[in-house]
Amino acid sequence: QVQLAESGGGLVQPGESLNLSCVASGRIRVMYAMGWYRQAPGKQRELVARRISDGFIEYGDSVKGRFTISGDNAKNTVLLQMNTLQPEDTAVYLCNFVDYDSSGTLADYWGQGTQVIVSS
């Protein structure tokens with residue numbers, strides 16, 4: 001099993017910044033991807049940003065140009081820097097880790113989530 005430890009989150013005003021970090025530990029085999037998704041009340045879970053092991057980075061359309069993801073594959077960590085936050089960014093942010101299991105199949109792991117609230 002893989003455990004994900006998330007930190008960051010909280011209440012900020014529109015236009016402010018916030019950082020989220022996540023560390024994966026446990027029985028990690030070969031990391032494929034690591035990143036963040038979010039889910040707002042009544043909405044589907046959506047990609048925020050993720051790093052693929054080959055260096056490719058994906059961002060959700062609504063955060064491009066405002067959020068930046070970075071990390072260390074060797075340490076299984078990711079950092080999400082969120083700038084110019086808006087009320088529509090309010091959601092539970094969940095860390096996601098994908099690795100290859102013993103059969104070579106991709107396996108998904110999720111953190112418990114951290115709340116981000118953007119409100120004046």
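The link of Cys-22 and Cys-95 is left-handed, with -90° about the S-S bond. Cys-22 sits in strand 3 (residues 18–26) and Cys-95 in strand 9, so this pair ties together parts that are 73 residues apart in sequence. The two sulfurs are 2.0 Å apart, and the structure holds one disulfide, the term standing for a pair of cysteine sulfur atoms within 2.5 Å. Strands here are DSSP runs of E with at least two residues, while helices are runs of H or I with at least four residues, and both are numbered from the N terminus.

Before going on, please keep in mind that this is a predicted model, in which local features need pLDDT of at least 70 and side-chain atom pairs count only at pLDDT 80 or more, while totals for chains, interfaces and linings use all residues. Residues are numbered from 1 along each chain as its sequence is written, and side-chain values use heavy atoms, with hydrogens and water left out.

Are the two cysteines buried or exposed? Cys-22 counts as buried because its relative accessibility is 1%, and Cys-95 counts as buried at 0%. Buried means under 20% relative accessible area, exposed means over 50%, and partly exposed lies in between (1.4 Å probe, protein chains only).

Strand 3 and strand 8 pair in the antiparallel sense over six bridges; two strands pair if DSSP finds at least two bridges between them. One place to look is Asn-19, whose bridge partner in strand 8 is Gln-81. Strand 8 is also joined by six bridges to strand 7 (residues 67–72), again running antiparallel, and here Phe-67 has Met-82 as its bridge partner. Strands 7 and 8 form a hairpin with four residues between them, and Asn-76 in the turn has a positive phi of about 55°.

Next come the aromatic rings. A pair of aromatic rings is described by the distance of the centres and the angle of the planes. Rings of Phe, Tyr and Trp (its six-membered ring) pair if their centres lie within 6.5 Å; planes under 30 degrees apart count as stacked, over 60 as edge-to-face and the rest as tilted. A search of the whole structure finds two aromatic pairs. In one of them, Tyr-32 and Tyr-100 have ring centres 6.0 Å apart and planes at 80°, so the pair is edge-to-face. This pair links distant parts of the chain, with Tyr-32 in strand 4 (residues 30–39) and Tyr-100 in strand 9, 68 residues apart. Tyr-32 counts as partly exposed at 24% relative accessibility, and Tyr-100 is partly exposed at 30%.

Tyr-37 and Trp-110 also form an edge-to-face pair, 5.2 Å centre to centre with 70° between the planes. Here the link runs from Tyr-37 in strand 4 to Trp-110 in strand 10 (residues 106–110), 73 residues apart. Tyr-37 counts as buried at 17% relative accessibility, whereas Trp-110 counts as partly exposed at 35%.

The structure holds five salt bridges, each being a side-chain nitrogen of Lys or Arg within 4 Å of a carboxyl oxygen of Asp or Glu. Among the residues involved, Arg-38, Glu-46, Arg-66 and Asp-89 are linked in a network. Arg-38 and Glu-46 have their closest N and O atoms 2.6 Å apart; Arg-38 counts as buried at 4% relative accessibility, and Glu-46 counts as partly exposed at 33%. Asp-89 forms a salt bridge with Arg-38 too, the closest N and O atoms being 2.9 Å apart. Asp-89 lies in the loop between strand 8 and strand 9 and Arg-38 in strand 4, so this pair ties together parts that are 51 residues apart in sequence.

Which other residue does Asp-89 form a salt bridge with? Asp-89 meets Arg-66, with the closest N and O atoms 2.8 Å apart. Arg-66 lies in the loop between strand 6 (57–59) and strand 7, so its pairing with Asp-89 ties together parts that are 23 residues apart in sequence. Both Asp-89 and Arg-66 are buried.
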